[in-house]
Amino acid sequence: MQNIDRDMSPNNPSSAPRLACSACDRQYPRDEIRYRCACGETLEVAYAADDALRQTVTHATFDSRRAARRGSAASGTWRFRELLPPFADAEIVSKLEGNTNLYPVGATAGGGPSTIGRYAGLDTLFFKHEGENPTGSFKDRGMTVGVSQARRLGAQAVACASTGNTSAALAAYAAQAGIPCFVFIPAGAVARGKLAQTVGYGAITVQVAGDFDDAMRLVQEVCADLGIYLLNSINPFRIEGQKTIGWELLQDLDWQPPDWIVLPAGNLGNTAALGKALAEARHLGLIARLPRVAAIQARGAAPFYQSYQGGFAGPVALKAETVATAIKIGSPVSYGRAVGVIRATGGVVAAVDDAEILAAKRVIDRAGIGCEPASAATLAGIRQLVAAGMIARDATVAGLLTGHILKDADTTLAAAEAGRNLADVPAERQAVARALAPFLTQPVG
């Protein structure tokens, strides 16, 4: 819990945002199109200190907007507008994102969800399901702010590199804003559901003969060459939108922070965003303490975990391989910011095998909640950390599910247990009854 001011500065929200580097303290105008500082570090949206905001922003400020059905207050992102860069109403591009469910899934929750808590070894566990956003992932929160900034700047086009969810979200929000969209994806490595969304929303898809890290390098180069606005999580306005996951989670918990927040980790933008939300909440007096953060990677795509094991001596790059394609990233761009979050919260980084991810996914799916494989890394990681004694069994834990079950239907079908898909059953009443009989003599699920 050391170096909170240096490692995770809250950058108090106010009406005068700027782009700031946490490494060298350089600052740039808000509307300068810049993603990295001259020193090479990523930038974040920072705000001038505003003591008045601490007095005016209260729990009631945000709680009073939860019943809104129209306008920005109806969005689970723009509900927290005092904590975001200011925009004119005409600049905001929104699908009323956010407002996602927080599911009690601890062992004492009852019904199907309690199987998740028993699997994890926790009585008090909650899952915040960001797969319930309009395009099926947490990326919508970042895109509503990022595309709004693109509209404010009059961008001629927007672009991203993606393993699928980013491209689907950007394509949808760009279409709503009427801005041309280009997405760079690793050829043959994006789940069909995500690719279908991207194409359906009208984006121009560039399938790169390489992996995500190749696509990320290329999109940065092409955006610089052609004057296209880049909307990966290297863009600080994406992080501003995604931090509202943390704000809404705290609100869901009646502003009582859990002991731990656990989330999947790929490009590390979400880890950075969550940390920023927690720091701001504590600065404004809306929470009394910081929860610890656990970032979970797939073992075949675990550069952040490897760096953590080495005391964060420096970033690690590797060739990523995992069934959890949403976090199949070997060189995360938000490394520095994420390191600050883990250090500032006394957090940890863990890695789980694909087999553990798929087993955890099966538990989540059978509980009637469902998620894509990357999301299941959350439960696999919680189970591992509880078994190791890192997370106490009486702790209150909140986990993030980042994508909808339909995002990667092929993996779900491929991992289905033998015998649960009753194929070639004759179209006869007695034949169907015989096929179903074994499932009526044992607990369903």
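Author: Keep in mind that this is a predicted model. Let's start with charges. R66, R79, K128, E130, R141, E248 and D252 are linked in a network of salt bridges.

Reader: How many salt bridges does the structure hold?
Author: The count is 24.

Reader: Which residue forms a salt bridge with R152?
Author: D31 does. The closest N and O atoms of R152 and D31 are 3.0 Å apart.

Reader: Where do those two sit in the chain?
Author: In distant parts, 121 residues apart. R152 is in helix α5, residues 139–153. D31 is in the loop between β2 (27–29) and β3 (43–47).

Reader: Is R152 buried, exposed or partly exposed? What about D31?
Author: R152 is partly exposed, with a relative accessible area of 31%. D31 also counts as partly exposed, at 34%.

Reader: What does R299 meet in a salt bridge?
Author: The side chain of D353, at 2.7 Å from N to O.

Reader: What is the partner of K328?
Author: E321. Their closest N and O atoms are 3.6 Å apart. E321 is exposed, with a relative accessible area of 53%.

Reader: How far is the nearest cysteine sulfur from that of C160?
Author: It belongs to C181 and is 5.9 Å away. A disulfide needs the two sulfur atoms within 2.5 Å. C160 is in no disulfide.

Reader: Is C160 buried or exposed?
Author: Buried, at 0% relative accessibility. C371 counts as buried too, also at 0%.

Reader: Let's do sheets. In what order do the four strands of the open sheet come?
Author: The order is β8-β7-β6-β9, and the pairing is parallel. β8 (204–208) and β9 (229–230) stand at the edges. Each has a single partner strand, so one side of each is left without a neighbour in the sheet.

Reader: How many bridges join β6 and β9?
Author: Two, in the parallel sense. β6 covers residues 158–161. Within that pairing, A159 stands opposite L230 in β9.

Reader: On to helices. How many residues of α13 are buried?
Author: Nine of the eleven, so α13 (residues 335–345) is largely enclosed by the rest of the structure. The buried ones are Y335, R337, A338, V339, G340, V341, I342, A344 and T345.

Reader: What comes just after α13?
Author: G346, which takes a positive phi of about 65°.

Reader: How covered is α15?
Author: Mostly: twelve of its 15 residues are buried. Among them are P373, A374, S375, L379, I382 and V386.

Reader: What span should α15 have?
Author: At 1.5 Å a residue, helix α15 (residues 373–387) should span 21 Å. Its end C-alpha atoms are 21 Å apart, which agrees.

Reader: And what sort of phi does G389 take?
Author: A positive one, of about 85°, just after α15.

Reader: Now the surface. Which residues make the nonpolar patch?
Author: L422, V425, V432, L436 and L440 make a patch of about 420 Å². L436 lies in helix α17, residues 429–436. L436 is partly exposed, with a relative accessible area of 40%.

Reader: Last one. Where does L122 lie?
Author: In the loop between α4 (114–120) and β5 (124–129). L122 is buried, with a relative accessible area of 0%.

Reader: How far apart are L122 and R289 in sequence and in space?
Author: They are 167 residues apart in sequence. In space, L122 and R289 are 22 Å apart, C-alpha to C-alpha.

Definitions and conventions: Residues are numbered from 1 along each chain as its sequence is written. This is a predicted model: local features need pLDDT of at least 70, side-chain atom pairs count only at pLDDT 80 or more; totals for chains, interfaces and linings use all residues. Side-chain values use heavy atoms; hydrogens and water are left out. The expected span of a helix is 1.5 Å times one less than its number of residues. Buried means under 20% relative accessible area, exposed over 50%, partly exposed in between (1.4 Å probe, protein chains only). Patches are made of residues with over 30% relative accessible area and no salt bridge: like charges are joined within 9 Å, nonpolar side chains (Val, Leu, Ile, Met, Phe, Trp, Tyr) within 5 Å. Accessible areas come from the Shrake-Rupley method with a 1.4 Å probe; for residues, only the protein chains shown count as cover. A salt bridge is a side-chain nitrogen of Lys or Arg within 4 Å of a carboxyl oxygen of Asp or Glu. Two strands pair if DSSP finds at least two bridges between them.
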